[in-house]
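Here is a short briefing on one protein model.

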Amino acid sequence: MKSYRKELWFKAPKRRQIVHITPEIEECLRESGIREGLCLVNAMHITASVFINDNESGLHSDYERWLEKLAPEKPYDQYAHNGYEDNADAHLKRTVMGREVVVAVTDGKLDFGPWESIFYYELDGMRDKRALVKIIGE
C-alpha cells in the first residue's frame with residue numbers, strides 16, 4: 001500500500017470564504033500515483049471546514065446566511081469564548097460544517113456522485129491556514 005501526504009495553504013482575504021479545491025485535490029491524486037484507495041482532506045485549523053457539495057454560488061450564499069443565523073458573529077460579547085479572541089462564532093460554524101471529507105479513489109479518479117465538489121471553508125480568515133490531503137491505496 002502507498003501513502004501520500006500534502007498540505008494545501010490558504011490565505012483568505014475575508015473573514016469567511018468558500019474556496020473550491022477539487023482541482024487541487026485531483027492534482028494531489030495524480031501526484032500520488034494511487035489508482036484505488038481513499039482520499040482524506042481535512043482542515044488543520046479549528047475555525048475552518050472542508051465539505052462536499054454543489055459548486056453553486058447561490059448555495060454558498062445560503063450557507064453564509066444560514067450559519068450567520070445559527071451562530072452570529074456579533075455581538076462578540078454574546079459568547080463566553082470571546083475575550084482575547086473574537087471568533088467563537090467560527091468555532092460553532094465549523095462544528096456544523098464538519099472537519100473533513102473522505103472520497104473513494106477508483107481507477108485513479110475521485111469517485112464522486114453527480115455535482116459533488118470539495119470545498120475549504122475559511123470561517124476566521126485573513127491569515128495563513130492549511131488543509132491536509134492524505135491519500136492511501138494502491
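The largest nonpolar core of this predicted model holds 22 residues. Those touching the most other members are Ile25, Cys39, Val41, Ile118, Tyr120, Val133 and Ile135. A nonpolar core is a set of buried Ala, Val, Leu, Ile, Met, Phe, Trp, Tyr and Cys residues joined through side-chain atoms within 4.5 Å. Buried means under 20% relative accessible area, exposed over 50%, and partly exposed in between (1.4 Å probe, protein chains only).

**Cores**
- At least two residues of this core come from each of strand E1 (2-11), H1, strand E3 (37-43), strand E4 (48-54), strand E5 (100-106), strand E7 (116-122) and strand E8 (128-137).
- Helices (H or I, at least four residues) and strands (E, at least two) are DSSP runs, numbered from the N terminus.
- A second, separate core has 8 residues, including Phe51, Ala90, Met97 and Phe119.
- In soluble globular proteins, nonpolar side chains tend to be buried together.
- Cys39 is in contact (heavy atoms within 4.5 Å) with Ile25, Val101, Val102, Val103, Val105, Leu110, Val133, Lys134 and Ile135, leaving aside its neighbours within four places in sequence.

**Thr22**
- Thr22 lies in helix H1, which covers residues 22-32.
- Is Thr22 buried or exposed? Thr22 is buried, because its relative accessible area is 6%.
- The side chains of Thr22 and His20 make a polar contact of 3.1 Å.
- A polar contact is a pair of N or O atoms within 3.5 Å; within protein, one must be able to donate a hydrogen and the other to accept it, and residues adjacent in sequence count only if both atoms are side-chain atoms.
- At 2.7 Å, the Thr22 side chain reaches the backbone nitrogen of Ile118.
- Neighbours within four places in sequence aside, Thr22 contacts Phe112, Ser117 and Ile118.

**Whole chain**
- The protein chain has 3 helices and 8 strands, in the sequence pattern β-β-α-β-β-α-α-β-β-β-β.
- Its C-alpha trace spans about 50 × 30 × 20 Å along the principal axes.
- Of the 138 residues in the protein chain, 40% are buried.
- Among contacts with a separation of 6 or more, 82% join residues 24 or more positions apart.

**Basis**
- Residues are numbered from 1 along each chain as its sequence is written, and side-chain values use heavy atoms, with hydrogens and water left out.
- In this predicted model, local features need pLDDT of at least 70 and side-chain atom pairs count only at pLDDT 80 or more, while totals for chains, interfaces and linings use all residues.
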